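The notes below are meant for someone opening this structure for the first time.

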Amino acid sequence: MSYVDEVIESVIRENPNEPEFHQAIREVLDSLRPVVEANEQQYRRDALLERLVNPERQIKFRVPWIDDCGQVHVNTGYRVQFNSAIGPYKGGLRLHPSVNLGIIKFLGFEQIFKNSLTGLPIGGGKGGSDFDPKGKSDREIMAFCQNFMSELCKYIGADTDVPAGDIGTGAREIGYMFGQYKKLRGLFEGVLTGKGLSYSGSLARTEATGYGVLYITEEMLKCHGEKLEGKTIAVSGAGNVAIYAIEKAHQLGCRVVTCSDSTGWIYDPDGIDIDALKEIKEVKRERLSVYPDYRPNAEYHEGKGVWNVKCDVALPCATQNELTLEDAKQLVKNGVTAVAEGANMPTTMEATEYFQSNGVYFLPGKAANAGGVATSALEMSQNSERLSWSFDDVDAKLKEIMINLYHNIDRAAEKYGCGGNYVIGANIAGFEKVVNAMNAQGIV
């Protein structure tokens, strides 16, 4: 049995009931086979892959909080500090009922390579809780966030571990967490990113992940002799990533015709009205079912269906494993030419392979959605300097990072005879930088 297969088998055996983590390990290690096989003797001796797939630290804790009726609830909090070879742990805090240790480990493992690809000095980590912010009052969310941070603050710091937002964790939640950290530790430092502008946040951070998806997609198409301008785009999701991917797509001359939330989806043949979408989701926090009140020509449908719409480019920006093999077949049938993952691992392995085997340009999330964490690292730099850069300065740096990232993964794929396979290219490019740092620092 090969070294890669041995490690995959041991991960599945030692981490039962964690299918998302298994999926991430399999996808990454399978694509790393050319590199591992070229260095197998050394990697075996140093147990390199075993050290890579095992987090440096896993923290699990209870989070008690009191609702507005005086009832006490208890949720579970997590922080997985996966790899610090190239910098302090960096990764978001996800608040969602689906959160469990396996999902946090999958996200943290992916974060290692995503952070490496940005070219910035940040390691990989992830955290969160099975708490659901939906339907909760501001006071209830504050109570949860303060109790969550009361435990988490023991393990994080500006030069140790710098969490950020994720699904369910926006500016409101980050603000409550930062306030509690500051109170307990007596430090005003860049321990969280995604902060408000009035307390050391960064301009363009809100837009960064969505904008980054479009910057890297535009560069990829350009390098293949195509233009992004004029394309019809299907987007899933209606959260932060989706909203700002739609906004940047419109700015670049595209027409985005879909978006979705957990209950249904919108088809707007005239192009999604970004102002209406922002008001529904960011101001009123309502369901997309009210969107036709703003745009009478739009259609609202219950359930799933975004990927049945004819489009040139598909941007899955909702959640993991949302785009299945059947969805991929429908997109290919309808003539899709490029898919870029705005969410973390939103495309199943079978769907990814189908796209690749049918000549669709496919950008994995660890590359395509790296704009968010890249700008978080830029926020860390601003905090260290006690400075705030302009929106245009941050946006320009973000675009440069995403363009360079595309060329790095393209070169890595070519180097190992897998030209055009950006899944392999992203994993190899991210892996090589982390491994070089791990080797330089010894067995720690």
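1. A charge over a ring. The model is a predicted one. In it, Lys397 sits over the face of Trp389, 5.0 Å from the ring centre. A second case involves Lys248, which lies over the face of Tyr211 at 4.4 Å from the centre of that ring.

2. The partner of Tyr211. Tyr211 and Tyr215 belong to helix α9 (residues 205–223) and are 4 residues apart, about one turn of the helix. Both Tyr211 and Tyr215 are buried. Their ring centres are 6.4 Å apart with the planes at 80°, so the pair counts as edge-to-face; planes over 60 degrees apart are classed that way.

3. Aromatic pairs overall. The count of aromatic pairs is 14. One of them joins Phe21 and Phe109, edge-to-face, with 6.4 Å from centre to centre and 85° between the planes. This pair connects distant parts of the chain: Phe21 is in helix α2 (residues 19–31) and Phe109 in helix α6 (residues 101–117), 88 residues apart. Elsewhere, ring pairs join Phe61, Trp65, Phe131, Phe144 and Phe148 into a cluster.

4. The sheet. Five strands form an open sheet in the order β1-β2-β4-β3-β5, and the pairing is mixed. Its edge strands are β1 (57–66) and β5 (161–164), each of which pairs on one side only. From one strand to the next, the twist averages 20°.

5. Pairing inside the sheet. β2 and β4 are antiparallel, joined over 6 bridges; here Gly77 has Ser129 of β4 as its bridge partner. β3 and β4 run parallel and are joined by 5 bridges, and Lys90 stands opposite Gly124 in β4. Strand β3 (residues 89–95) also pairs with β5, in the parallel sense over 4 bridges. In that strand, Pro163 is the bridge partner of Gly91.

6. The helix on the sheet. Helix α7 (residues 138–152) packs on the sheet and touches β1, β2 (72–83), β3, β4 (123–129) and β5. The direction of α7 makes about 145° with that of β1.

7. Cover on β4. How many residues of β4 are buried? The number is 7 of its 7 residues, and the strand is described as mostly covered. Gly123, Gly125, Gly127 and Ser129 point one way, while Gly124, Lys126 and Gly128 point the other way, and all are buried.

8. In helix α13 (residues 325–333), the buried residues include Asp327, Ala328 and Leu331. Why do they lie on the same side of α13? They cover an arc of only 100° around the axis, which puts them there. The face turned away from the buried side carries Glu326 and Lys333, both exposed.

9. What α13 packs against, and what follows. The buried residues of α13 pack against β11 (313–316) and α14 (349–357). After α13 comes Gly335, which has a positive phi, near 90°.

Terms used. Residues are numbered from 1 along each chain as its sequence is written. This is a predicted model: local features need pLDDT of at least 70, side-chain atom pairs count only at pLDDT 80 or more; totals for chains, interfaces and linings use all residues. Side-chain values use heavy atoms; hydrogens and water are left out. Buried means under 20% relative accessible area, exposed over 50%, partly exposed in between (1.4 Å probe, protein chains only). Helices (H or I, at least four residues) and strands (E, at least two) are DSSP runs, numbered from the N terminus. The arc is that of the directions from the helix axis to the C-beta atoms. Contact means heavy atoms within 4.5 Å. Rings of Phe, Tyr and Trp (its six-membered ring) pair if their centres lie within 6.5 Å; planes under 30 degrees apart count as stacked, over 60 as edge-to-face and the rest as tilted. A charge sits over a ring if NZ of Lys or CZ of Arg is within 6 Å of the ring centre and within 35 degrees of the ring normal. Two strands pair if DSSP finds at least two bridges between them. Axes are lines fitted to C-alpha atoms, for helices over the stretch in contact, and angles run from 0 to 180 degrees between N-to-C directions.
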